[in-house]
Amino acid sequence: MSTFVVGDIQGCYKGLRKLLKHVEFKTGADQLWCVGDLVNRGPRSLDTLRFLRDLGPNCRIVLGNHDLHFIAKQEACAPRRGKHTLQKLLKSPDAQELADWLRTQPLVYFDCIDTDAGLQDFVMLHAGVAPQWSLEQTLELSAEVEIALQGDDYRAYLTHMYGDTPRRWHDGLEGLDRLRVITNYLTRVRYCDAIGNMQLKAKEGLAMAPRGYKPWFMYENISERAQILFGHWAALEGHTGKPRVHALDTGFVWGQKLTALRLEDGKRFAYSKT
């Protein structure tokens, strides 16, 4: 059995299937992990969600900002702004079923894998973490959002998850502000400063960092041994400069490539249209 972690799919179903064929993915035997942003921008979000859901326990996903936005759109909780390519998904007869399935998925996934180098811890999330968060705290805070997303009052969370404030984490945060800042780290952050103030507008690569900010992974203290798997940041082109931190979003929806990392031996695979 092999475990493949794939970068942001964003509704590019055909590209996903081509990549899985390239890596000789064995349905029912191999594991597929997805770093979030399964939907939007690409043409076949509906097919993507149906395929991943039908893989059952052989598929592990974390939610990205686009996945949360689809859920909010389906529940009529999203603001009327921005462009999206979710119309076919939203109009499908199983849209609610798929949204309900996504609501049961985590924002952070942790597992220990037997690799060629021995047992290794892996933590998968879509965007990043605050500088202060340990692995244990990251999992605990992720669980707070997951409980809200799966609870009876989940629409209140969906309605109030939009926004850029509070800008940073502190332990005294409560209520919906607390949930929003957790969500912004886990699904939106790219740049922050040493105390965790997020800069949520910049999307450029490392050479274009806003003054006073660095990539979140330059400050992370999540673990000395866990490997971090994330997406969300196509401008990195798969490079972080940190051996423990693996960027998997390589911009397939923008005409670049779709990347998969096999955890057992650390080998990368890619599929591109060219």
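Select residues 3-6 and 31-34 to begin: these are strands E1 and E2, and they pair in the parallel sense over four bridges. Strands and helices here are DSSP runs numbered from the N terminus (strands E, at least two residues; helices H or I, at least four), and two strands pair if DSSP finds at least two bridges between them. Before you go on, note that this is a predicted model, where local features need pLDDT of at least 70, side-chain atom pairs count only at pLDDT 80 or more, and totals for chains, interfaces and linings use all residues. Residues are numbered from 1 along each chain as its sequence is written, and side-chain values use heavy atoms, with hydrogens and water left out.

Click on Val-6 next; its bridge partner in E2 is Cys-34.

Now widen the selection to the whole sheet. Five strands make up an open, mixed sheet, in the order E3-E2-E1-E11-E12. Which strands stand at the edges? They are E3 (59-61) and E12 (267-272), each with a single partner strand, so one side of each has no neighbour in the sheet. On average, neighbouring strands are turned by 20° against each other, direction ignored; axes are lines fitted to C-alpha atoms (for helices over the stretch in contact), and angles run from 0 to 180 degrees between N-to-C directions.

Show the cysteines. The structure holds zero disulfides, a disulfide being a pair of cysteine sulfur atoms within 2.5 Å. Cys-12 has Cys-34 as its nearest cysteine by sulfur, 13 Å away. For Cys-34, the nearest cysteine sulfur is that of Cys-59, at 4.4 Å, and Cys-34 is in no disulfide either. Are these two buried or exposed? Cys-12 is buried at 8% relative accessible area, and Cys-34 is buried at 0%. (Buried means under 20% relative accessible area, exposed over 50%, partly exposed in between, with a 1.4 Å probe and protein chains only.)

Go to residues 45-54, helix H2. Its buried residues include Ser-45, Leu-46, Thr-48, Leu-49, Phe-51 and Leu-52. After H2 comes Gly-56, with a positive phi near 60°.

Jump to H6 (135-150) and H8 (175-187). Their axes come within 10 Å and cross at roughly 115°. Zoom in on the contact (heavy atoms within 4.5 Å): from H6, Thr-138, Leu-141, Ser-142, Glu-144, Val-145 and Ala-148 meet Arg-178, Leu-179, Ile-182, Thr-183 and Leu-186 of H8. The residues of this contact divide into six nonpolar, three polar and two charged. Here Ala, Val, Leu, Ile, Met, Phe, Trp, Tyr, Cys and Pro count as nonpolar, Asp, Glu, Lys and Arg as charged, and the others, Gly among them, as polar.

For the last stop, pick Tyr-191 in strand E6 (191-192). Tyr-191 is buried, at 0% relative accessibility. Draw a C-alpha to C-alpha distance from Tyr-191 to Arg-81: the two are 24 Å apart in space and 110 residues apart in sequence.

Then move to Asn-197, in the loop between E6 and E7 (198-199). Asn-197 is buried too, with a relative accessible area of 13%. Which residues does Asn-197 contact, leaving aside its neighbours within four places in sequence? They are Arg-167, Arg-168, Tyr-191, Cys-192 and Tyr-213.
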